Amino acid sequence: MSKTIITVVGKDAVGIIAKVCTYLAENKANILDISQTIVQEYFNMMMIADLSKVEKPFEVLANELTEIGLSMGVQVKCQREEIFDKMHRI
């Protein structure tokens, strides 16, 4: 299984989750876990997705998600699980 951690942060707006999840579904990514909170008017979401069936290279998927985020005024970041784990081990 090829997992990635996807985070979305920015000012809350209608459709953020829908756009990110639709993109992932269209690319055959499976969302394994998702958590989102809104603090005052700021949106924060973290999800874990299985990318093992995605046909695009990871870098392309990450860049396209970044572009989707920019179009909505939010920041979308993708990190491979193994890198995320190593960064947060300390």
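Me: What order do the elements run in from the N terminus?
Reply: They run β-α-β-β-α-β-α. Helices (H or I, at least four residues) and strands (E, at least two) are DSSP runs, numbered from the N terminus.

Me: What should I know about the source?
Reply: This is a predicted model: local features need pLDDT of at least 70, side-chain atom pairs count only at pLDDT 80 or more, and totals for chains, interfaces and linings use all residues. Residues are numbered from 1 along each chain as its sequence is written, and side-chain values use heavy atoms, with hydrogens and water left out.

Me: OK, the sheet. What is the strand order?
Reply: E2-E3-E1-E4, in an open sheet of four strands with antiparallel pairing. Two strands pair if DSSP finds at least two bridges between them.

Me: Which are the edge strands?
Reply: Strand E2 (30–39) and strand E4 (74–80). Each pairs on one side only.

Me: How many bridges join E1 to E4?
Reply: Seven, and the two strands run antiparallel. E1 covers residues 3–11. Threonine 7 stands opposite lysine 77 in E4.

Me: Which strands does H1 touch?
Reply: Helix H1 (residues 16–26) packs on the sheet and touches E1, E2, E3 (42–50) and E4. Contact means heavy atoms within 4.5 Å. The direction of H1 makes about 15 degrees with that of E3. Axes are lines fitted to C-alpha atoms, for helices over the stretch in contact, and angles run from 0 to 180 degrees between N-to-C directions.

Me: And H2?
Reply: Helix H2 (residues 58–72) also packs on the sheet, touching E1 and E4. Its direction makes about 165 degrees with that of E4.

Me: Back to H1. Which of its residues are buried?
Reply: Ile16, Val20, Tyr23 and Leu24. They cover an arc of only 100 degrees around the axis, so they sit on the same side of H1. That arc is taken over the directions from the helix axis to the C-beta atoms. Buried means under 20% relative accessible area, exposed over 50%, partly exposed in between (1.4 Å probe, protein chains only).

Me: What covers them?
Reply: The cover includes E1, E2, E3, H2 and E4.

Me: Which exposed residues are on the face turned away?
Reply: Ala25 and Glu26.

Me: What happens just after H1?
Reply: Lysine 28 takes a positive phi of about 70 degrees.

Me: Last one. How much of the protein counts as buried?
Reply: Of its 90 residues, 32%.
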